Amino acid sequence: MTIKPLIILPDPVLRQVSKPIERVDADLQRLTDDMLETMYDAPGIGLAAIQVGVPRRMLVIDLSKEGEEKQPLVFINPEIVSSSDDRSVYEEGCLSIPDYYAEVERPAKVTVKYLDREGKEQSVEADGLLATCLQHEIDHLNGVLFIDHISRLKREMVIKKFTKAAKSKVL
């Protein structure tokens with residue numbers, strides 16, 4: 001397994017729309033393992049393939065707490081098929097926008113259709129943190145970042161800060 005470098009804002013790769021996965025094969029299994037390793041190393045609770053520079057519709061999540069047994073979840077070609085009218089607010093962060101957190105309002109419950117690690121069709125009804133995490137990561141697959149759900153002023157400040165930081169690293 002390989003820890004992959006994370007794509008950080010303002011890299012335009014994060015705005016790409018990821019393409020569906022046609023085959024679950026050994027290469028995809030390796031990518032899955034690398035993504036999990038990268039997410040655990042970061043540390044984070046979710047990671048979309050685009051965040052490691054792979055524009056494919058796949059994400060990994062593990063909501064287990066430190067000290068608990070790992071419970072990795074793999075979602076290939078995930079699609080939200082329904083969402084509740086009820087809303088919930090969570091403070092979100094993102095491995096591609098390090099050390100920035102903001103409250104985001106999203107549907108409280110979602111139903112997601114996807115393929116599992118073996119390529120079998122699955123469906124999950126999620127609420128709480130899993131629902132928020134799934135929506136956050138599926139947004140990534142569509143080129144959407146959690147900062148797109150906050151006020152324009154705050155979003156512009158964050159983008160400006162990360163753009164300035166990226167320029168100073170280049171110089």
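Start by selecting Ile159, which lies in helix H3, residues 152–170. Helices (H or I, at least four residues) and strands (E, at least two) are DSSP runs, numbered from the N terminus. The model is predicted, and local features need pLDDT of at least 70, side-chain atom pairs count only at pLDDT 80 or more, and totals for chains, interfaces and linings use all residues. Residues are numbered from 1 along each chain as its sequence is written, and side-chain values use heavy atoms, with hydrogens and water left out.

**Stop 1: Ile159**

Buried means under 20% relative accessible area, exposed over 50%, and partly exposed in between (1.4 Å probe, protein chains only). Show the neighbours of Ile159: not counting residues up to four places away in sequence, it touches Leu9 and Ile147. Contact here means heavy atoms within 4.5 Å.

**Stop 2**

Select S1 (46–48), S2 (58–61) and S3 (73–83), then S6 (109–115) and S7 (121–127). These 5 strands form an open sheet in the order S1-S2-S3-S6-S7, with antiparallel pairing. S1 and S7 are the edge strands, each pairing on one side only. Neighbouring strands of the sheet are turned by 40° against each other on average, direction ignored. Axes are lines fitted to C-alpha atoms, for helices over the stretch in contact, and angles run from 0 to 180 degrees between N-to-C directions.

Two strands pair if DSSP finds at least two bridges between them. Walk across the sheet from S1:

- S1 and S2 pair over 3 bridges in the antiparallel sense; Ala48 stands opposite Leu59 in S2.
- S2 and S3 pair over 4 bridges, again antiparallel; Met58 stands opposite Ile76 in S3.
- S6 and S7 pair over 7 bridges, also antiparallel; the bridge partner of Val112 in S7 is Val124.

Stay on S2 and show its side chains. In a regular strand the side chains alternate between the two faces of the sheet. Met58 and Val60 point one way from S2, Leu59 and Ile61 point the other way, and all are buried.

**Stop 3: helix H1**

Now select residues 26–41, helix H1. H1 lies across S1, S2 and S3 and runs at about 45° to S2. The end C-alpha atoms of H1 are 22 Å apart, which agrees with the 22 Å that its 16 residues should span at 1.5 Å a residue. That expected span is 1.5 Å times one less than the number of residues.

Which residues of H1 are buried? They are Leu28, Leu31, Thr32, Asp34, Met35, Leu36, Thr38 and Met39. The buried residues of H1 pack against S1, S2 and S3. At the start of H1, look for a side-chain oxygen of Asp25, which comes to within 3.3 Å of the backbone nitrogen of Asp27.

**Stop 4: helix H2 and the core**

Select residues 128–141, helix H2. H2 is largely enclosed by the rest of the structure, because 12 of its 14 residues are buried. Among them are Leu130, Cys133, Leu134, Ile138 and Leu141. Just after H2, Gly143 takes a positive phi of about 75°.

Next, show Leu59, Ile61, Phe75, Val112, Val124 and Leu134: these have the most contacts inside the largest nonpolar core, which has 16 residues. S2, S6, S7 and H2 each supply at least two residues of this core, and H2 gives the most, with 6 residues. A nonpolar core is a set of buried Ala, Val, Leu, Ile, Met, Phe, Trp, Tyr and Cys residues joined through side-chain atoms within 4.5 Å.

Centre on Val112. Leaving aside its neighbours within four places in sequence, Val112 is in contact with Pro78, Glu79, Ile80, Gln122, Ser123, Val124, Leu134 and Ile138.

**Stop 5: Ser84**

Finish at Ser84, in the loop between S3 and strand S4 (87–94). Ser84 counts as buried because its relative accessibility is 19%. A polar atom of its side chain lies 3.0 Å from the backbone oxygen of Asp86. The side chain of Ser84 also reaches the backbone nitrogen of Ala108 at 3.3 Å. A polar contact is a pair of N or O atoms within 3.5 Å; within protein, one must be able to donate a hydrogen and the other to accept it, and residues adjacent in sequence count only if both atoms are side-chain atoms. Not counting residues up to four places away in sequence, Ser84 touches Pro107, Ala108 and Lys109.
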